[in-house]
Amino acid sequence: MAAFVVAGSCQAQEFTNSSNDSAQIGFSTGIFNVGEDDEATEFRLDYRDNHALLDFLRPIAGVMVTSDKAVHGYGGVMADILWGDHFATSLYTSVGAFHDGDGEDLGHWIEFRSGIELAYHFDNQSRVGLGFAHISNANLGDENPGAEVLSLTYTIPVGSIFN
């Protein structure tokens, strides 16, 4: 939340909303549980809607799977901050159901995912970005080991898929 407050006070950026961005599909790959002994490869697909809530919070939904057969389906909100014409910072938070498969037991089937993504925004509204996220059960379970995720994401406007 502090990041939203700081970003809102800066004058060098613009929050995106439904009038200046499009709905996007994101494809990601990266390292789940980065820095731990039981790292796994992450693959993620998400949808980023263009209908902003409160003029800047975009609904998101997605699914993550790992090479250890973990699955996390989630939904939440994202705020995109544009820095000039070609750079964007995305902050997001979500909640969803988690199954650990053969990987790290995160302590509960309900897990929260929060993260930041720094991206280059192309003229055609596609993006390529590097992201960092934390997944945690917010102490809903007896244990809350959490996991960090480092990922590379490519997003494309939904409209370009059907044209």
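Biologist: Which residues does Asn137 touch?

Modeller: This is a predicted model. Leaving aside residues up to four places away in sequence, Asn137 touches Leu106, Gly107, His108, Ile110, Glu111, Phe112, Glu143 and Asn144.

Biologist: Where is Asn137 found?

Modeller: Asn137 sits in the loop between E8 and E9.

Biologist: Is Asn137 buried or exposed?

Modeller: Asn137 counts as buried, because its relative accessibility is 0%, and the cut-off for buried is under 20%.

Biologist: What does the side chain of Asn137 reach at 2.8 Å?

Modeller: There are two backbone atoms to mention. The side chain reaches the backbone oxygen of Leu106 at 2.8 Å, and it also reaches the backbone nitrogen of Asn139 at 2.8 Å.

Biologist: Asn139 interests me. What is its phi?

Modeller: Asn139 has a positive phi of about 65°, although it is not a glycine. Asn139 is found in the loop between strand E8 (127-136) and E9.

Biologist: Is Asn139 buried or exposed?

Modeller: Asn139 counts as exposed, because its relative accessibility is 60% and exposed means over 50%.

Biologist: What about Leu54; what is its phi, and where is it found?

Modeller: Leu54 has a phi near 55°, a positive value in a residue other than glycine. Leu54 is in the loop between E3 and E4, and it is exposed, with a relative accessible area of 69%.

Biologist: Let us change topic. How many helices and strands does the protein have?

Modeller: The protein has two helices and nine strands. Along the sequence they follow the pattern α-β-β-β-β-β-β-β-β-β-α.

Biologist: What share of the residues is buried?

Modeller: Of the 163 residues in the protein, 42% are buried. As for contacts between residues at least 6 apart in sequence, 54% join residues at least 24 apart.

Biologist: How do E4 and E5 pair?

Modeller: Strand E4 (residues 57-66) pairs with strand E5 (residues 71-83) in the antiparallel sense, over nine bridges. Within that pairing, Ile60 stands opposite Gly76 in E5. The hairpin of E4 and E5 has four residues between the strands, and Lys69 takes a positive phi near 70° there.

Biologist: And how many bridges join E5 to E6?

Modeller: E5 is joined to strand E6 (residues 87-99) by 13 bridges, and the two run antiparallel. The bridge partner of Leu82 in E6 is Ala88. E5 and E6 form a hairpin with three residues between them, and Gly84 in the turn has a positive phi of about 75°.

Biologist: Which residues line the largest cavity?

Modeller: The lining consists of Arg44, Asp46, Arg48, Ile60, Tyr74, Met78, Tyr92, Arg113 and Glu117. Strand E3 (40-48), E5 and strand E7 (110-121) are the elements that give two or more residues to this lining. E3 gives the most, with three residues.

Biologist: How many of the lining residues are nonpolar, polar or charged?

Modeller: Four are nonpolar, none is polar and five are charged.

Biologist: Glu117 is on that list. Which side chain makes a polar contact with the side chain of Glu117?

Modeller: The side chain of Thr153 does, at 3.5 Å. Thr153 lies in strand E9 (residues 147-157), and it counts as buried because its relative accessibility is 1%.

Biologist: What else does Thr153 touch?

Modeller: Not counting residues up to four places away in sequence, Thr153 touches Gly26, Phe27, Ser28, Arg44, Arg48, Glu117, Arg127, Val128 and Gly129. Arg44, Arg48 and Glu117 also line the largest cavity.

Biologist: And Tyr154, where is it found?

Modeller: Tyr154 is found in strand E9. At 37% relative accessibility, Tyr154 counts as partly exposed. Tyr154 touches Ile25, Gly26, Phe27, Ser126, Arg127 and Val128, again leaving out residues up to four places away in sequence.

Biologist: What separates the C-alpha atoms of Tyr154 and Arg127?

Modeller: The C-alpha atoms of Tyr154 and Arg127 are separated by 5.6 Å, and the two residues are 27 residues apart along the chain.

Technical notes. Residues numbered from 1 in each chain as written. Predicted model: local features only at pLDDT ≥ 70, side-chain atom pairs only at ≥ 80, totals over all residues. Heavy atoms only, no water. Pairing = 2+ DSSP bridges. 1 Å grid on protein atoms, 1.4 Å probe; cavity = no way out; pocket = protein on both sides within 12 Å on 5 of 7 lines; lining within 4 Å. Nonpolar A, V, L, I, M, F, W, Y, C, P; charged D, E, K, R; others polar. Buried < 20%, exposed > 50% of the residue type's maximum accessible area, 1.4 Å probe, protein only. Polar contact = N/O pair within 3.5 Å; in protein donor to acceptor, adjacent residues only side chain to side chain. Contact = heavy atoms within 4.5 Å.
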